[in-house]
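This report covers aromatic ring pairs and salt bridges, together with the accessibility of the residues involved.

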Amino acid sequence: MYYLSLQDRDEAAVEQFRLVDGSVDALPWRYRADPVAAFCRMRDLNEVGSEGTSG
């Protein structure tokens with residue numbers, strides 16, 4: 001999901017975020033000072049991006 005996000009593939013990333021939601025112990029999140037905030041920030045940005053492309 002991280003790399004899908006970097007590629008602006010928002011809809012695909014959102015699907016992956018939903019599948020693992022809340023699992024922030026893995027890479028790349030655990031490298032962040034606040035893994036939960038980093039995960040949520042990227043998830044939320046992808047959700048907003050996918051809303052703009054659907055419909």
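Is Phe17 buried or exposed? Phe17 is buried, as its relative accessible area is 1%; buried means under 20% relative accessible area, exposed over 50%, and partly exposed in between (1.4 Å probe, protein chains only).

## Basis

This is a predicted model, in which local features need pLDDT of at least 70 and side-chain atom pairs count only at pLDDT 80 or more, while totals for chains, interfaces and linings use all residues. Residues are numbered from 1 along each chain as its sequence is written, and side-chain values use heavy atoms, with hydrogens and water left out.

## Aromatic pairs

There are 5 aromatic pairs in the structure. Rings of Phe, Tyr and Trp (its six-membered ring) pair if their centres lie within 6.5 Å; planes under 30 degrees apart count as stacked, over 60 as edge-to-face and the rest as tilted. One of the pairs joins Tyr2 and Tyr3, with ring centres 5.2 Å apart and planes at 85°, so this pair is edge-to-face. Tyr3 has 59% relative accessibility and counts as exposed.

Phe17 and Phe39 also pair, their ring centres 5.2 Å apart and their planes at 70°, so they are edge-to-face. This pair links distant parts of the chain, 22 residues apart: Phe17 lies in helix α2 (residues 10–20) and Phe39 in helix α3 (residues 35–53). Helices are DSSP runs (H or I, at least four residues), numbered from the N terminus. Phe39 is buried, with a relative accessible area of 1%. Through ring pairs, Tyr2, Tyr3, Phe17, Trp29 and Phe39 form a cluster.

## Salt bridge

The whole structure contains 1 salt bridge, defined as a side-chain nitrogen of Lys or Arg within 4 Å of a carboxyl oxygen of Asp or Glu. Arg43 and Asp44 form a salt bridge, with their closest N and O atoms 3.2 Å apart. Arg43 counts as buried at 18% relative accessibility, whereas Asp44 counts as partly exposed at 36%.

Definitions and conventions. Helices (H or I, at least four residues) and strands (E, at least two) are DSSP runs, numbered from the N terminus.
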